[in-house]
Amino acid sequence: SSQNTKIELKYASPELTNAKNLELAVPGTYRVSGSAVKIRSFLPTLTVFPTKQHPRKITLRGEDGNNYIFLLKGHEDLRQDERVMQLFGQVNA
């Protein structure tokens, strides 16, 4: 199927569903000053893409109120995917 699948996070990871107001920083928000945006929560739905590795898109909400989207994949080099996501981010801005 070429359609993305939505999965409720509570079935994939009850621990992440219940994780709130973490002392853990949102990846990529670290600053030289030592400040970082901490994770407030995880949005309740994952998106699974219908490609070979079935990557998952997860969204974190930061303590700043912004959503941060991450692509989760196993057993692969993610640098190229990161560049593609950055490109999409620029195109959609």
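Where is N21 found? N21 lies in the loop between α2 (14–18) and β2 (39–42). The structure discussed here is a predicted model.

**Overall layout**

The protein has three helices and five strands. Read from the N terminus, the order of these elements is β-α-α-β-β-β-β-α. Along the principal axes, the C-alpha atoms fill a box of roughly 45 × 30 × 25 Å. Of the contacts between residues at least 6 apart in sequence, 35% join residues at least 24 apart.

**Surface and charge**

The protein exposes about 7000 Å², and carbon and sulfur atoms supply 53% of that area. Of its 93 residues, 20% count as buried.

**Two residues**

| Residue | Relative accessible area | Class |
|---|---|---|
| N21 | 59% | exposed |
| S41 | 13% | buried |

N21 counts as exposed because its value of 59% is over the 50% cut-off. The phi angle of N21 is near 50°, which is a positive value in a residue other than glycine.

S41 sits in strand β2. S41 counts as buried because its value of 13% is under the 20% cut-off. Which residues is S41 in contact with, leaving aside its neighbours within four places in sequence? These are A19, K20, L60 and R61.

Notes
Residues numbered from 1 in each chain as written. Predicted model: local features only at pLDDT ≥ 70, side-chain atom pairs only at ≥ 80, totals over all residues. Heavy atoms only, no water. Helix = DSSP H or I, 4+ residues; strand = E, 2+ residues; numbered from the N terminus. Buried < 20%, exposed > 50% of the residue type's maximum accessible area, 1.4 Å probe, protein only. Contact = heavy atoms within 4.5 Å. Areas by Shrake-Rupley, 256 points an atom, 1.4 Å probe, with all protein chains shown as cover.
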